[in-house]
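Please read each one with the structure open beside you.

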Protein chains: 4
Amino acid sequence: MAIGVWLVGARGSVACTVSAGAAAVAAGVAETTGLVTELPALAGAALPAMGELVIGGHDVIEVPLRKRAEDLAHGGVLPTAALAAVNDDLDRVDARIRPGVTSDQDERLADTLARLRADLDEFRAANDLESVVVINVASTEAQVAPHPAQRSLDDLRRAIDRDQRVLPPSSCYAHAALSAGYGYIDFTPSTGSRLPALHELATTTGAVHAGRDGKTGETLLKSALAPMFADRHLRVRSWAATNLLGGGDGLALTDPGALAAKVSSKAATLGAILSDEPDAPVHIHYLEDLGEWKTSWDHISFEGFLGTRMRLQFTWEGCDSALAAPLVIDLARLAGAAQRHGARGPLPELAFFFKDPDGTTEHRLSRQFDRLCHWATTLPSRP
Amino acid sequence: MAIGVWLVGARGSVACTVSAGAAAVAAGVAETTGLVTELPALAGAALPAMGELVIGGHDVIEVPLRKRAEDLAHGGVLPTAALAAVNDDLDRVDARIRPGVTSDQDERLADTLARLRADLDEFRAANDLESVVVINVASTEAQVAPHPAQRSLDDLRRAIDRDQRVLPPSSCYAHAALSAGYGYIDFTPSTGSRLPALHELATTTGAVHAGRDGKTGETLLKSALAPMFADRHLRVRSWAATNLLGGGDGLALTDPGALAAKVSSKAATLGAILSDEPDAPVHIHYLEDLGEWKTSWDHISFEGFLGTRMRLQFTWEGCDSALAAPLVIDLARLAGAAQRHGARGPLPELAFFFKDPDGTTEHRLSRQFDRLCHWATTLPSRP
Amino acid sequence: MAIGVWLVGARGSVACTVSAGAAAVAAGVAETTGLVTELPALAGAALPAMGELVIGGHDVIEVPLRKRAEDLAHGGVLPTAALAAVNDDLDRVDARIRPGVTSDQDERLADTLARLRADLDEFRAANDLESVVVINVASTEAQVAPHPAQRSLDDLRRAIDRDQRVLPPSSCYAHAALSAGYGYIDFTPSTGSRLPALHELATTTGAVHAGRDGKTGETLLKSALAPMFADRHLRVRSWAATNLLGGGDGLALTDPGALAAKVSSKAATLGAILSDEPDAPVHIHYLEDLGEWKTSWDHISFEGFLGTRMRLQFTWEGCDSALAAPLVIDLARLAGAAQRHGARGPLPELAFFFKDPDGTTEHRLSRQFDRLCHWATTLPSRP
Amino acid sequence: MAIGVWLVGARGSVACTVSAGAAAVAAGVAETTGLVTELPALAGAALPAMGELVIGGHDVIEVPLRKRAEDLAHGGVLPTAALAAVNDDLDRVDARIRPGVTSDQDERLADTLARLRADLDEFRAANDLESVVVINVASTEAQVAPHPAQRSLDDLRRAIDRDQRVLPPSSCYAHAALSAGYGYIDFTPSTGSRLPALHELATTTGAVHAGRDGKTGETLLKSALAPMFADRHLRVRSWAATNLLGGGDGLALTDPGALAAKVSSKAATLGAILSDEPDAPVHIHYLEDLGEWKTSWDHISFEGFLGTRMRLQFTWEGCDSALAAPLVIDLARLAGAAQRHGARGPLPELAFFFKDPDGTTEHRLSRQFDRLCHWATTLPSRP
């Protein structure tokens, strides 16, 4: 039986690259570069095959995936040559995309939650799926205002009954997934399942969850480099990060609330690895000209033996969708395997993929990778 | 009983920083920043205390350490304030420095080897030392010309009898150390103990040895960053490294033979970590203006999902002596502990410190650190 | 007769470097590096000699210059060796510093203006000065709130009579200088003389003025590099500038109003040189760790023949005081010469020194330099 | 009447971009970005129109331009969309390309020179051209071995009679051009017309000539930035340049002789602008992975007021053909205009385009641009 992958933001750049890329790899017209689950180190893991993934999703926009893919190919993100081979696959995904939810819609909250849940159940039934993993790859939301109703499942239920709008869209999707026992993974810094009431819901239904905020660029480098300073006993004095983002993600982050959410999720890494508590500001700026690309500049000032001050600087020029999409596919396969083998609740073994992981404070990339490999390769074979 | 630390190149910048720094830390006027052996992760290891180290060495130049230290303080490498506190210690080390060996001296090889060995034995006796660790921190030598006499201990002995000059200076020091069963560590890319005849000698006497070429800058970064690309399945296409070096080390590397030795030791890391076999040239250029500093620029081109090409660039501005000196102290303590606990032959547990380690092909920094910590913290307490 | 140089912010880093540096150069213990007026190209200009400058100033803090200079020497800005030679000079300047004005003081505005003016007149009389040039090197102020009384000299006089606080501190100093016919130069992005009422005042008294915001780092580079793109017909698409500042200047810019003033003065350059109207955000962030230093990273994306996109990036690591101080000395000499030769009003010939120059829209560095040289070398010899 | 543009290396990347680009601009399917002669500052100059240029050339390879253009489009150098519009133009240029000359061919030197000359004369006659400008855009040659026969035209003639091979290929092309009074421009660091015997030939026939080595990247930046340091009296201590080149040009420079020629032409700029005589090494390395692109990193260490040391670093990522091709078109138009208006000998007014210009020591970019504009806009209108 196949695994359902339900993408929130299914018509965005990342999701379109997921759909096109999964099809291209399955069709043999693209290599597996970027897919962690295709590494030799994970060759022995009992994971769903690429061809066992069925993709659907929610979105609030209506541009066809075929059109989106053309735009991405024009921008150098998708190889033009591969498009012809995957257009039919994109059409099939398109047919499975349902209207999403916005922060200002009229619909009663209870109706929204029921509608989203019904979409998931219908997706499962229609495609005869073993299980479903909901993955949020939509634009970053503003940090949610705290509300007492978020504190427990009972309080939340009462608020829903009274139609109090206490859940941001990402949490509505999380609610729909968790209430059905489906997996929920947040690849963004949005709130998603990060509310006590939703954690309680996950505990009740046993749904797996992981997140948050995919680690694809500057923070990935931090988690690779900071252990070097720590293990060499070099004292990091300051680590100033500047991120220039184009595209939809960059534009979304011009909203101060969304920016705060993003900066917050990016801040966890250094604090967890370095004992020096360096001054480590993270600046994020929108630069339309970059399109689907992002560039970051990190300036690291550190102290060595006898107080000598030295410097490391790096610039990273990456394509957001090309970096994120394979990890989304990896997460679908890994969370699908976890469900298949009876896992429940947070999946700290997937910390390798996130800026601010659920269920662990381990941020060192190598240790996260070792844990992932150990876990995945010791999963029992499919029952 | 104390451990003897015998520095080859004892009046150079690195050695002077070792002597001044060890004294400053022991006197409490400098922090332990940069000393791996002072990390909490190694707090439980049964290592010789900083105060148990007695420093001596060989050199071919005669400038007093006090003067050398003033120059380094002027160049910003040593803190002026600490000098007053350590001048007496520097004088004591000075008094233990003996004339070294050059590649073109008149002395018969047999006499050279005997003289160097006698210096070590006298150092041990005079200071009532438990053991001695010889550490080469002299300028890089040219790669040695191969000679049949280097192939076995018997052949070597016959060549020595005939006064064939088949050993470069670094190997003379290694011969003196290993023949006495003392430890030999090469912090440079010079030949040192890397000859079959000398390996045989080490096996015979049970001397510990480690090397080669301390990993302090651009290669350190490679060993931290390359696993990130490997573990994320990102294909590194090219990794072009440019190193600008001032100071004596930079000048020594204007010799083509020495440059070849250095480039060779730097080349091992990427090949061992990345399966992609990227085009990875290493360029090293002397720039007098940098003085005791070095700057490197690495340009890394890699491929992600669906063949998208991306880039990472970094610049590293480091002070060679400040980076190397604490590691030399660490190596003295760790090799001293190994001797104390009966280790023999190569010490692959010390790979963390080297560009081209003895006895292992593991180049990933985190794994090297884990192995070091495991080994050091499971050494039995002092008998 | 000597020229008086009256520094607003006379105890700050820049002013202290001006006072120490001018004394050191005059005493022959420092070279003239950084002083534009000491270039061969200006050798023929009839300028006041370095030894003809007498320095005084206003400040609101009381730390002695001697102490300030020690701190700067400790931070690597002033050479320790030169301090001994200039301490007496610093004491003499110290004795000429008078209390400044803050934005929230009790004193009536009319009294403030009269007091500042009296300080200047007394400075002139006490030192038998030919003329006085007031130069603002204090921390950046917030952009001033517009007020109708700033629109004309009559309106301003009436507001002063009513004690309406319509002038920010920088404009109080400017008022004091201009009312006496002394020169006023703003080396900061503060309001200073940039109010219609004060321009009218300058016209009335014939005082020379120039500014604003000394061009010392990232903007200097823009004015050197942007003409290259323009003259080669390369289309700049975006020019994203990130500035990390430590020190008092960086801290002052954490105030949003001050930041807005700074960003505004920095924005003029590219717009004036490039016809492409690129997206050119300027970001400024405080990073305490940098101390007296500043680092900027500029990311420039441009288009060449047939639309090919290319990139230039640079990082600039500069010491603010070392960059600014010699220009302040230059400006004092040049404005002194202008006064001596009967100049009145704005001095567009000094645009070379400013981010946002008075009286001209020429921002190309080479053209600014040519105009400066032509003007200075054609000044008649001293009458 | 039209102007003939004869490209040596007519099937290379630069030449193909010239042919395709000139056609695309003339056809209105590409903008004029990158063409200096299309700047408003040169709008009043009496230059041949784009449509008046007829392109032909020599090459030793036979791949059709159409195919070459496809490869360039695939590599992102030419816009795919424009190709269809220019394929017929490329075919027409193709038909005008004649076999070139290699350094090891059998043909007698006299025959080679006669053949090349005949090709030029036939090109002129067949296309009814007013004049011809030969522009060398072939791969860099090794520096030529000095030979007494290169010292005067008489000596050279005798050597040709004896079939002594004293002229490298670039000089054969130069001889053919100059002997006919056609213009010769060297866009490479090859020898070309830089031999006393050929200067004498140019004087005899009155042929215009210019060169050498187009200034398109790192040296262009030097000529824009070095005046900033000079005019601000900042002392450049060292300026270390590292160039990574892919493509045919990079490969050609792996030959030590060609590398020496290139490094030599790049070295002129800083020495001519800076009086400090900084240590300014230029390193050039081949990196196949870069393809048609080049990346350079410059590390500049300078000293400001009171000896404070500061740093500027930049990286430049450019596409060689996109940078060079429009300048080749500019040079054809400008040299064509010079011929039309009776100029003879070296054209120092074109120094703006070259690393090592003929007839002037002015290397400051802005001054070069001013001279170009003044000259071009004061050319008399066509007689």
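1. To compare two copies, the C-alpha atoms of residues with pLDDT of at least 70 in both are superposed by least squares. This is needed here because the model is a predicted one, and the superposition leaves out residues under that cut-off in either copy. On this basis, chain A can be laid on chain C with an RMSD of 0.0 Å, by a turn of 180 degrees and a shift of 0.0 Å along the axis. Of the interface residues of chain A, 100% are also interface residues in chain C, so these copies meet through the same surface.

2. The pair formed by chains A and B can be treated in the same way: chain B is laid on chain A with an RMSD of 0.1 Å, again by a turn of 180 degrees with a shift of 0.0 Å along the axis. The two copies are therefore related as by a two-fold rotation axis. In chain B, the C-alpha nearest that axis belongs to F314(B), at 2.0 Å from it. Both copies use the same surface, since 100% of the contact residues of chain B recur in chain A.

3. Which residues lie closest to the centre of the largest cavity? Of the 16 residues that line it, these are T315(A), T315(B), T315(C), Q313(D) and T315(D). The elements that give two or more residues to this lining are the β10 strands (309-319) of chain A, chain B, chain C and chain D. By class, the lining of the largest cavity consists of eight nonpolar and eight polar residues, with no charged residues.

4. Side chains of opposite charge can pair when their charged atoms come close. Over all chains, a search of the whole structure finds 116 salt bridges. One of them is formed by R311(B) and E317(D), whose closest N and O atoms are 2.9 Å apart. Because R311(B) lies in strand β10 of chain B and E317(D) in strand β10 of chain D, this pair joins two chains. Both R311(B) and E317(D) are buried.

5. E317(D) also forms a salt bridge with R311(C), and here the closest N and O atoms are 3.4 Å apart. This pair, too, joins two chains, because E317(D) lies in strand β10 of chain D and R311(C) in strand β10 of chain C. The relative accessible area of E317(D) is 3%, so E317(D) counts as buried, the limit being under 20%.

6. A salt bridge within one chain is that of K262(D) with D213(D), where the closest N and O atoms are 3.3 Å apart. K262(D) lies in helix α10 (residues 256-273) of chain D, and D213(D) in the loop between β6 (208-211) and α8 (218-231) of chain D, so the pair ties together parts that are 49 residues apart in sequence. Are these two partners buried or exposed? K262(D) counts as buried at 9% relative accessibility, and D213(D) is buried with a relative accessible area of 2%. Elsewhere, salt bridges that share partners join R235(A), R237(A), E303(A), R309(A) and D289(C) into one network.

7. Some points of backbone geometry deserve a look, beginning with the peptide bonds. A cis peptide bond joins G211(A) and R212(A), with omega about -5 degrees, and R212(A) is found in the loop between β6 (208-211) and α8 (218-231) of chain A. In chain B, the peptide bond from G211(B) to R212(B) is likewise cis, with omega near -10 degrees, and R212(B) has its place in the loop between β6 (208-211) and α8 (218-231) of chain B.

8. Positive phi values in residues other than glycine are a further item to inspect. For D163(A), which is found in the loop between α5 (153-161) and α6 (169-179) of chain A, phi is near 55 degrees, and at 18% relative accessibility D163(A) counts as buried. D213(C) has a positive phi of about 75 degrees and is found in the loop between β6 (208-211) and α8 (218-231) of chain C. With a relative accessible area of 2%, D213(C) is buried.

Notes: Residues numbered from 1 in each chain as written. Chains lettered and ligands numbered in written order. Predicted model: local features only at pLDDT ≥ 70, side-chain atom pairs only at ≥ 80, totals over all residues. Heavy atoms only, no water. Contact = heavy atoms within 4.5 Å. 1 Å grid on protein atoms, 1.4 Å probe; cavity = no way out; pocket = protein on both sides within 12 Å on 5 of 7 lines; lining within 4 Å. Helix = DSSP H or I, 4+ residues; strand = E, 2+ residues; numbered from the N terminus. Nonpolar A, V, L, I, M, F, W, Y, C, P; charged D, E, K, R; others polar. Salt bridge = Lys/Arg side-chain N within 4 Å of Asp/Glu carboxyl O. Buried < 20%, exposed > 50% of the residue type's maximum accessible area, 1.4 Å probe, protein only.
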